[in-house]
Amino acid sequence: MSKNRFGAVVIFGFSIAYGVIALHFPVPPAFSDSASPSSFPISLSAAGIIVSMLIFLLPATSATTTPELTSKGILRVCLLLLLMIFYGFVIKIFGFFVSTILFLSIGFSIMGERKLKVILLTATVTAFIFWVSLTQFLKIYLDSGSLSKFVFGLLNSVSYTHLRAHETEADLVC
């Protein structure tokens with residue numbers, strides 16, 4: 001059995017196990033939406049099963065050489081792993097949208113893209129599509145982050161002096 005077919009069998013087994021676990025996710029009693037909490041995991045499981053079956057059943061392409069493991073490749077993998085950890089911490093501060101744009105932009109840079117316009121446009125459009133998909137279609141709440149709450153809190157705050165300036169005798173309670 002080739003490496004590709006062995007990998008397909010592993011993905012197939014993992015996808016079936018993931019799907020079985022997803023079928024047992026609890027559904028809140030008041031949940032009446034068409035998409036339940038297990039909808040996305042079940043979709044991923046089905047996609048994994050289909051892809052693994054295609055890999056296993058379709059004829060293998062000609063043998064290619066295995067890419068060599070270079071220090072540059074290892075450095076990229078390590079930097080991407082650190083970037084994922086950084087994303088996990090930053091998302092609570094900056095929120096989903098800004099953190100995802102930062103994550104994708106830095107990730108594209110690590111992978112070798114140097115055109116700033118391409119990086120920012122691709123990262124912004126991708127983050128926006130994911131944000132719309134998650135918030136509008138799947139109705140998943142995405143936190144805007146503590147920094148934006150702080151900034152908008154400062155912008156919306158009204159000083160005591162400002163309130164007193166609009167006060168009339170009708171507003172006074174004695």
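**Entry 1: Pro 26**

I looked up Pro 26 and found it in the loop between helix H1 (3-23) and helix H2 (39-57). Helices here are DSSP runs of H or I with at least four residues, strands are runs of E with at least two, and both are numbered from the N terminus. The model is predicted, so I note that local features need pLDDT of at least 70 and side-chain atom pairs pLDDT 80 or more, while totals for chains, interfaces and linings use all residues. Residues are numbered from 1 along each chain as its sequence is written, and side-chain values use heavy atoms, leaving out hydrogens and water.

Is Pro 26 buried or exposed? Pro 26 is exposed, at a relative accessible area of 68%. I use buried for under 20% relative accessible area, exposed for over 50%, and partly exposed for values in between (1.4 Å probe, protein chains only). From Pro 26 to Ser 36 I count 10 residues in sequence and 9.3 Å in space, C-alpha to C-alpha.

**Entry 2: H1**

I checked the length of H1. Its 21 residues reach 30 Å from the first C-alpha to the last, close to the 30 Å expected at 1.5 Å a residue. The expected span is 1.5 Å times one less than the number of residues. Buried in H1 are Ala 8, Ser 15, Gly 19 and Ala 22. They cover an arc of only 60° around the axis, which puts them on the same side of H1. The arc is taken from the directions from the helix axis to the C-beta atoms. On the other side of H1, I find Lys 3, Phe 6, Phe 14 and Ile 21 exposed. The buried residues of H1 pack against H2, with contact meaning heavy atoms within 4.5 Å.

**Entry 3: H2 and Ser 52**

I then turned to H2, which has 19 residues and reaches 27 Å between its first and last C-alpha, close to the 27 Å expected at 1.5 Å a residue. Pro 41, Ser 45, Gly 48 and Ser 52 are its buried residues. Down the axis of H2 they fall within an arc of 60°, so they line one face of the helix. The face turned away from that buried side carries the exposed Phe 40, Ile 50 and Leu 57. The buried residues of H2 pack against H1.

Leaving out residues up to four places away in sequence, Ser 52 touches Ala 8, Ile 11 and Phe 12. The side chain of Ser 52 also reaches the backbone oxygen of Ile 49 at 2.9 Å.

**Entry 4: H4**

How far apart are the end C-alpha atoms of helix H4 (residues 116-137)? They are 30 Å apart, which agrees with the 32 Å that its 22 residues should span at 1.5 Å a residue. In H4, I list Ile 119, Ala 123, Ala 127, Val 132 and Thr 135 as buried. These buried residues pack against helix H3 (71-110). After H4 comes Lys 139, with a positive phi near 55°.

**Entry 5: the whole chain**

I find six helices and zero strands in the chain. Of its 174 residues, 16% count as buried. The average pLDDT is 83, and 79% of the residues score at least 70; pLDDT is the predictor's confidence in each residue, from 0 to 100. Among the elements, H3 has the highest mean pLDDT (92) and helix H6 (residues 160-165) the lowest (61). Where pLDDT is low, the predicted coordinates should not be read in detail.

Notes:
A polar contact is a pair of N or O atoms within 3.5 Å; within protein, one must be able to donate a hydrogen and the other to accept it, and residues adjacent in sequence count only if both atoms are side-chain atoms.
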